[in-house]
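Thanks for coming, everyone. I'll keep this short. Let's bring the structure up.

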Amino acid sequence: MIEKIVYENKKITSITVIWEDDFSELMGVLKKFFDDTNTEHLLLDFRLFSFNTIMRSHIRDLYEYITSRANGGGRVSGKTAFVGSNGLQIEICKIFKTYS
């Protein structure tokens with residue numbers, strides 16, 4: 001399950017990923033956020049997510065999408081924050097940050 005909350009007054013979208021969610025659903029939510037112009041900033045909360053089902057192809061798809069956004073323009077002043085509660089979650093967040 002993915003919970004998305006938009007705080008328009010603060011220009012922040014908060015996405016909380018819960019348990020073993022479908023990675024393609026997460027990619028869909030992220031793509032919708034980046035294509036939207038409702039808010040500038042993103043908070044991704046992975047504390048309740050289990051990365052047991054994540055595969056190399058997921059990381060590659062994430063990398064390819066982020067690279068395409070970086071090369072084609074994107075949020076100029078937008079910031080992204082990640083929240084993780086264990087080592088694997090934090091490493092995935094670092095990968096996302098590095099590629100973005």
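Which side chains meet in a salt bridge at 2.6 Å, N to O? They are D45 and R47. By salt bridge I mean a side-chain nitrogen of Lys or Arg within 4 Å of a carboxyl oxygen of Asp or Glu.

A word on the source. This is a predicted model, where local features need pLDDT of at least 70, side-chain atom pairs count only at pLDDT 80 or more, and totals for chains, interfaces and linings use all residues. Residues are numbered from 1 along each chain as its sequence is written, and side-chain values use heavy atoms, with hydrogens and water left out.

Back to the pair. D45 is buried, at 9% relative accessibility. R47 is partly exposed, at 47%. Buried is under 20% relative accessible area, exposed is over 50%, and partly exposed is in between, with a 1.4 Å probe and protein chains only.

The count is two salt bridges. E40 and K11 form one of them, at 3.7 Å, N to O. E40 sits in the loop between α1 and β3, and K11 in the loop between β1 and β2, so the pair ties together parts 29 residues apart in sequence. Helices (H or I, at least four residues) and strands (E, at least two) are DSSP runs, numbered from the N terminus.

Now Y7, in strand β1, residues 2-7. Y7 is partly exposed, at 37%. Leaving out residues up to four places away in sequence, Y7 touches I12, S14 and T39. Touching is contact: heavy atoms within 4.5 Å. Y7 and H41 are 34 residues apart in sequence and 9.8 Å apart in space, C-alpha to C-alpha.
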